[in-house]
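Student: I'd like to learn how to read a structure like this one. Could you walk me through a few features?

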Amino acid sequence: MALGVMSLLGFYLVDSIFVARLGTAPLAAQSFTFPLAFLVIGVQVGIGIAIAALISRAIGAGQQDQANRLGALVLTGGGLMLGALVLLLWLIQTPAFSLIGASEAIRELIRPYWAIQVLAMWVGGVLYFGYSLFRAHGNTRFPGLMMVLTSLLNLMLDPLLIFGVGDWDGFGLPGAALASLLAFTIGLGILVLALRGKGWVQRHGMLVQMRVSAWPFAQIAGPAMISQLMPPLAAMVATALVARAGDQAVAAWGMASRLESFSIVLVLGMTMALPPWLGRCYGGSDWETVRRLMRVAAAMVIGWQVLLGLAMALLAAPLAGLLVETAPVQSYLTVLIRWLPPSYGLLGVCMLVVSASNALGWPMRAMLISFLRLFLCYLPLLWLGYQLGDFGGLALGAAFGNLLAGVMAWGFYQQALASEGQGEVWQHRR
C-alpha cells in the first residue's frame with residue numbers, strides 16, 4: 001500500500017511539477033484548487049474507512065453474505081454522494097475561490113481546469129471505493145498495483161496533454177486534469193473487470209441491508225467524513241492566510257502541500273493497510289494484537305519520517321530548485337521544506353491514531369482528535385507564527401502544530417486503550 005500510495009501521490013506531484021513549467025500563475029491557479037480537492041478526498045476517504053471497517057468486521061464474524069451486500073451498497077451510495085458533492089463544487093466555484101483569495105485573473109485560469117478536474121475527482125473517488133473493497137477482503141496487492149498503473153499512465157499523458165507534441169501546443173493547465181481523468185477512467189475499467197466473479201458485490205438483498213446497516217454506516221462514516229473534511233477547511237484558512245504574501249507564496253504553499261503528501265507516503269500506506277486488520281482484531285476482542293500493531297506502526301513512522309525530514313531540510317534549497325524554476329517561489333518553498341518535513345513524524349502518529357480509532361469503534365474520538373489537531377494545534381500556531389515572523393514564522397508555527405498534534409493524539413489513544421482494558425476486566429469478572 002505504501003508503494004501504491006507513493007505512486008498515486010507522485011501522480012499529483014508530477015502534475016504540479018509539469019504545471020510549474022507553465023509559469024507562476026498556472027501553478028498558483030492549481031494551488032487554489034487544492035483545498036476544494038481535499039474536500040472531495042475527505043468525503044471519499046471517510047466513506048472508504050466505513051467500507052473497510054464494516055466489511056472487515058462482517059468477515060471477521062463469519063458473515064460473508066452481509067459483507068457482499070455491503071460491498072454493493074457502499075459502491076452505489078458512495079458514488080451518488082460523491083457525485084452530488086463534485087456537482088456542488090462546480091456550481092459554487094466562483095464564490096469559493098474568491099473567498100480563499102483567488103484574483104479574477106487567477107479564477108479565469110481555474111475555470112477550464114476545474115471543469116475537467118471535478119469529473120476526474122469523481123471517477124477517482126469511485127475507483128478508491130473499489131480499492132477499499134479489496135482492502136477490506138485482505139487484498140492490498142491489487143490496489144497498490146493499480147495505483148502504480150494509474151500513476152504511470154498520468155506520467156505519460158501529462159506532458160503530452162499539457163505541452164502538446166509537434167505543432168500542437170497542448171491544452172495547458174486543463175491538460176493536467178484531462179490526464180488525470182483518462183488515467184482514472186482506464187483504472188476504473190480494469191477494476192470492474194477484476195471484481196467480476198468474486199461475489200464481493202451482491203445486489204440481491206441490498207435494500208434490506210441498507211435498512212440494517214444505515215445506522216452503523218452513519219456512525220462510522222459520519223464522524224470519519226467530518227474528520228476528513230476538517231483538513232480541507234483548515235487548508236482554506238491556511239491558503240487565505242498565505243495569500244496575503246502574494247501569488248508566489250501561494251504557488252510555493254501548493255507545491256509544499258504536494259510534497260508533504262508524497263513525504264508521508266509510509267504513513268498513508270499504514271492508514272490504509274492497518275484498519276482492516278484492526279477491524280478484525282476488534283471483532284475478535286484481540287486487544288493485545290492491537291497494542292502490538294500500534295506500537296510497531298508508531299515506531300516505524302517516527303523513525304522513518306524524522307530521518308527523511310532531516311535529509312530534506314538539509315537539501316531544501318536544491319530540492320526547491322528542482323521542483324520550481326521561478327526564483328521567488330523557490331525562496332518560499334525552501335523555507336517550507338526546511339521546517340515542515342522534520343515535524344511529519346509526530347503528524348504521522350496523529351494520522352495513525354485517527355485511522356485506528358475509526359477501525360476500533362471510537363469514531364467520535366477520531367473526530368475530536370482531528371478537530372483539536374487542526375483548530376487547537378495547527379491553525380493557531382500557523383497564525384501566531386505569521387504574526388511574529390511573516391512567512392518564515394508561518395512555516396515554523398505549522399511545524400510546531402504538527403509536533404503538538406502527535407503528542408496529543410497518542411495521549412488520547414492510550415486513554416481509550418486503558419478504557420477498553422478496564423472493560424475487558426469487567427467482562428471477565430462478570
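Student: How many aromatic pairs does the structure hold?

Tutor: This is a predicted model, and eight aromatic pairs are found in it. A pair of aromatic rings is described by the distance of the centres and the angle of the planes. Take Phe-371 and Phe-375: their ring centres are 5.2 Å apart and their planes stand at 35°, so this pair is tilted. Planes under 30 degrees apart would count as stacked and over 60 as edge-to-face.

Student: Where do Phe-371 and Phe-375 lie?

Tutor: Both sit in helix α15 (residues 363-429), four residues apart, which is about one turn of the helix.

Student: What are the relative accessibilities of Phe-371 and Phe-375?

Tutor: Here you compare a percentage with cut-offs: buried is under 20% and exposed is over 50%, with partly exposed in between. Phe-371 has a relative accessible area of 43%, so Phe-371 is partly exposed. Phe-375, at 27%, counts as partly exposed too.

Student: Let me try Thr-271. Is Thr-271 buried or exposed?

Tutor: Thr-271 has 17% relative accessibility, so it counts as buried. This residue belongs to helix α10 (residues 265-283). Setting aside neighbours within four places in sequence, Thr-271 is in contact with Met-351, Leu-352 and Ser-355.

Student: Now for helix packing. At what angle do α6 and α7 pack?

Tutor: Helix α6 (residues 141-163) and helix α7 (residues 173-195) pack at about 150°, with their axes 8 Å apart. That angle is why α6 is roughly antiparallel to α7. Their crossing is right-handed.

Student: Which residues of α6 and α7 meet?

Tutor: Among them are Phe-142, Met-146 and Leu-149 in α6, and Gly-175, Ala-176 and Leu-178 in α7. Sorted by class, this contact has 16 nonpolar, five polar and one charged residues.

Student: And how do α9 and α13 cross?

Tutor: The axes of helix α9 (residues 247-263) and helix α13 (residues 327-339) come within 8 Å and cross at roughly 45°. With that angle, α9 is oblique to α13. This crossing is right-handed as well. The residues making the contact include Trp-253, Met-255 and Leu-259 of α9 and Tyr-332, Leu-333 and Leu-336 of α13.

Student: How many charged residues does the contact of α9 with α13 have?

Tutor: There are no charged residues in it; the contact has 13 nonpolar residues and one polar residue.

How values were computed: Residues numbered from 1 in each chain as written. Predicted model: local features only at pLDDT ≥ 70, side-chain atom pairs only at ≥ 80, totals over all residues. Heavy atoms only, no water. Phe/Tyr/Trp six-rings, centres within 6.5 Å; stacked < 30°, edge-to-face > 60°. Helix = DSSP H or I, 4+ residues; strand = E, 2+ residues; numbered from the N terminus. Buried < 20%, exposed > 50% of the residue type's maximum accessible area, 1.4 Å probe, protein only. Axes fitted to C-alpha atoms, helices over the stretch in contact; angles between N-to-C directions. Parallel < 35°, antiparallel > 145°, perpendicular 65-115°, else oblique. Left-handed = near helix turned anticlockwise from the far one by under 90°. Contact = heavy atoms within 4.5 Å. Nonpolar A, V, L, I, M, F, W, Y, C, P; charged D, E, K, R; others polar.
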